Amino acid sequence: MADSEHSSSDDITVNSREETSEESRADFSEDEETLIIRMYNLVGERWSLIAGRIPGRTAEEIEQYWNSRYSTSE
């Protein structure tokens, strides 16, 4: 019984770490946001080109960020 409690606690710790790393990766600085907007105005939805200008960011992260902030769903 103690073993199952211990593994359950470990699962919670792992999940918390995953959420924290995802949250910190999802946070974009003001400079990154400005660059994304400027690049989007120049090249459109070419996320890989935009990501190439922002070290440590992937095209998928930038696209998700853009869609969550600026996507117009009317």
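What pLDDT does the chain average, and what share of the residues score at least 70?

## Confidence of the model

This structure is a predicted model. The chain averages a pLDDT of 76, and 62% of the residues score at least 70. Over residues 8–25 the pLDDT is below 50, and this stretch has two contacts in the model beyond near neighbours in sequence. Where pLDDT is low, the predicted coordinates should not be read in detail.

Among the elements of the chain, the lowest mean pLDDT, 47, belongs to helix α1 (residues 2–26). The highest, 97, belongs to helix α3 (residues 47–51).

## Aromatic pairs

The model holds five aromatic pairs. Tyr40 is partly exposed, with a relative accessible area of 23%, whereas Trp47 counts as buried at 8% relative accessibility.

Trp47 also pairs with Trp66: the centres of these rings lie 6.1 Å apart and their planes are at 45°, so the pair is tilted. Because Trp47 lies in helix α3 and Trp66 in helix α4 (residues 59–70), the pair ties together parts that are 19 residues apart in sequence. Trp66 is buried, with a relative accessible area of 10%. Through ring pairs, Tyr40, Trp47, Trp66 and Tyr70 are linked into a cluster.

## A charge over a ring

Another ring, that of Phe28, has Arg57 over its face. Arg57 is placed at 3.9 Å from the ring centre.

Terms used
Residues are numbered from 1 along each chain as its sequence is written. This is a predicted model: local features need pLDDT of at least 70, side-chain atom pairs count only at pLDDT 80 or more; totals for chains, interfaces and linings use all residues. Side-chain values use heavy atoms; hydrogens and water are left out. pLDDT is the predictor's confidence in each residue, from 0 to 100. Helices (H or I, at least four residues) and strands (E, at least two) are DSSP runs, numbered from the N terminus. Contact means heavy atoms within 4.5 Å. Rings of Phe, Tyr and Trp (its six-membered ring) pair if their centres lie within 6.5 Å; planes under 30 degrees apart count as stacked, over 60 as edge-to-face and the rest as tilted. Buried means under 20% relative accessible area, exposed over 50%, partly exposed in between (1.4 Å probe, protein chains only). A charge sits over a ring if NZ of Lys or CZ of Arg is within 6 Å of the ring centre and within 35 degrees of the ring normal.
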